[in-house]
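Please keep the sequence and the structure in view while reading.

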Amino acid sequence: MPRSLKLFITGLVALSALALVATSFVFATRTDWTLGLRPEIGVPLSQSPEVNVLAGVAFWTVLTLFTSALPVQMPRGTFVSTSIAPIVASMVLGGPVAAGWVAAIGTSELRELRGRVPWYGTLFNHAGLAFPAIVGGLAMDLTRGNSPGLVGEFAATMLGAGTFFALNTYVTSTAVALRSGQSFRVVLVSDFRGFSINFSALTPLAWLMAQIYRLPDGAGAWATLLFGLPLYTTRLAHHRFVEMREMFTQTIGALAEAVDKRDPFTSKHSHRVKEIAIDIGREMRVNEAELEALEWGGLLHDVGKIGVPDSVLLKQERLTREERILMNAHPVKGAEIIAPVTKLAPELPIIRHHHEWYNGSGYPDRLMGEEIPKLARILHVADAFEAMTAARPYRMKPLSQEQALAELRKFAGIQFDPVVVDAFVRTKWAEGVSDPGRPIETRPVPLLSQAAGRMAQAAALSDAPPQSDPR
Ligand SMILES: [Fe+2]
Ligand SMILES: [Fe+2]
């Protein structure tokens with residue numbers, strides 16, 4: 001575990017404990033409350049108000065336990081669960097101390113008891129919800145006043161829950177970013193959708209649960225249990241979303257694999273290109289939608305090779321000019337194949353332009369420099385590195401990683417965007433590989449104005465392209 005994460009979790013746990021103790025003391029001085037808890041949370045079990053409020057806290061804790069037993073992992077690694085609803089309801093009914101305890105104890109999971117979660121994960125799961133719950137409870141308490149009425153209480157609930165969600169999202173994203181090395185912004189933006197669906201669906205539900213719970217004579221507690229069903233369906237909706245995305249990625253992966261398998265040398269090419277492209281994208285701090293486009297675009301970039309005859313695709317000798325024209329049609333063919341899939345619209349420019357050269361001598365549209373879509377420039381570097389370091393029918397002996405990196409550096413500003421090459425050097429794919437460094441001239445070399453540009457232009461359609469230019 002990184003030291004920064006250890007420090008972060010320790011700080012968060014200390015802060016949660018401190019907040020729980022401090023609020024317990026402060027709220028215990030309220031004469032109309034019991035043990036620092038609003039009496040509304042109590043279940044009318046006995047004459048003792050203390051027993052009743054403790055039973056109420058236990059009720060909400062158990063409900064939270066059940067709902068947190070079904071967390072769903074979001075694409076970038078954070079978990080969402082519907083346990084937020086009973087925590088917010090306990091916040092409405094019992095105040096910040098109740099919410100703190102319900103969040104701290106109720107978020108225990110079976111995975112933790114079975115020892116499948118490391119100790120710091122366990123501590124984090126509890127403190128990461130308890131601290132935001134206490135702060136959210138305080139925000140709610142400050143805004144609702146003594147007799148807020150339905151609208152006032154609803155508004156205070158939204159504010160308290162909003163504070164709770166925002167703080168929870170913040171600490172969770174920080175922890176995931178520290179653990180995985182992804183940027184905080186990427187994690188936050190990527191899983192924000194899940195969090196916002198959670199917030200807008202669960203907060204009104206939590207408020208409603210609190211209203212039902214107040215039904216007289218203990219009937220409320222029973223009626224509240226009926227909410228298990230909508231909570232379960234909400235959880236199912238999250239699960240479906242994650243499952244659908246996974247299924248889509250697998251289908252695309254299978255299609256890419258089918259294309260790669262036509263040539264025994266390129267099996268897994270698209271998968272590896274995807275991995276490299278995503279890592280470069282992360283280094284360049286692209287947003288979540290762009291990372292997804294790199295993932296799917298990486299898998300599909302050579303799908304147009306479906307239309308290239310075997311005699312050309314598998315040819316070991318140099319391609320003739322005519323064969324090269326056939327081969328070079330694959331980006332356009334690929335974009336045409338994918339065009340009807342509306343969900344893949346962001347991937348089209350990647351597929352079409354992944355063989356454009358930075359100096360304008362690539363294909364199919366001879367775009368130059370920044371005219372080439374950024375994600376296509378990223379994919380071009382990933383594609384070239386993967387192709388150079390793997391055996392190909394036309395080059396049986398792969399280049400070493402050093403040689404491949406030297407080629408990327410040599411053709412930076414000619415074939416590749418130098419900024420992308422710089423980012424590639426910072427990824428794990430170039431770790432421990434000696435780097436010749438950035439050449440002095442890295443602006444796009446205008447076509448025909450310099451020897452390198454002329455050479456590159458000729459190379460694009462010649463029968464002897466440079467090593468760095470994958471077929
Ligand atoms: Fe290609
Ligand atoms: Fe490729």
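Thr 82 counts as buried, because 29 C-beta neighbours lie inside 10 Å and 20 or more are enough for that class. The model is predicted. Thr 82 sits in a loop, between β2 (79-80) and α3 (84-106).

**Surroundings of Thr 82**

- Leaving aside residues up to four places away in sequence, Thr 82 is in contact with Thr 67, Leu 202, Leu 231, Thr 234 and Arg 235.
- One of these contacts, Thr 67, is 15 residues from Thr 82 in sequence, and the two C-alpha atoms are 5.7 Å apart.

**The chain as a whole**

- The chain holds 19 helices and two strands.
- Its radius of gyration is 29 Å, while the globule rule gives 23 Å for 471 residues, so the chain is more spread out than a compact globule.
- Along the principal axes, the C-alpha atoms fill a box of roughly 95 × 40 × 40 Å.
- Buried residues make up 45% of the 471 in the chain.
- Of the contacts between residues at least 6 apart in sequence, 68% link residues at least 24 apart.

**Helices α10 and α16**

- Two packed helices are described by the angle between their axes and by the distance between those axes.
- For α10 (residues 269-283) and α16 (residues 374-388), the angle is about 130° and the axes are 8 Å apart.
- α10 and α16 are therefore oblique to each other, since an angle over 145 degrees would be needed to count as roughly antiparallel.
- The crossing of α10 past α16 is right-handed.
- On the α10 side, the residues that meet α16 include His 269, Val 273, Ile 276 and Ile 280.
- On the α16 side, the residues that meet α10 include Ile 378, Leu 379, Val 381 and Phe 385.

**Helices α5 and α6**

- Helix α5 (residues 119-144) and helix α6 (residues 149-180) have axes that come within 8 Å and cross at roughly 150°.
- That angle makes α5 roughly antiparallel to α6, because the class takes in angles over 145 degrees.
- α5 and α6 also form a right-handed crossing.

Key. Residues are numbered from 1 along each chain as its sequence is written. Chains are lettered from A and ligands numbered from 1 in the order in which they are written. This is a predicted model: local features need pLDDT of at least 70, side-chain atom pairs count only at pLDDT 80 or more; totals for chains, interfaces and linings use all residues. Helices (H or I, at least four residues) and strands (E, at least two) are DSSP runs, numbered from the N terminus. A residue is buried if 20 or more other C-beta atoms lie within 10 Å of its own, exposed if 12 or fewer, and partly exposed in between; C-beta atoms are placed from the backbone. Two residues are in contact if their C-beta atoms, placed from the backbone, lie within 7 Å. The radius of gyration is taken over C-alpha atoms; the globule rule is 2.2 Å times the number of residues to the power 0.38. Axes are lines fitted to C-alpha atoms, for helices over the stretch in contact, and angles run from 0 to 180 degrees between N-to-C directions. Angles under 35 degrees count as roughly parallel, over 145 as roughly antiparallel, 65 to 115 as roughly perpendicular and the rest as oblique. A crossing is left-handed if the near helix is turned anticlockwise from the far one by less than a right angle, and right-handed if clockwise.
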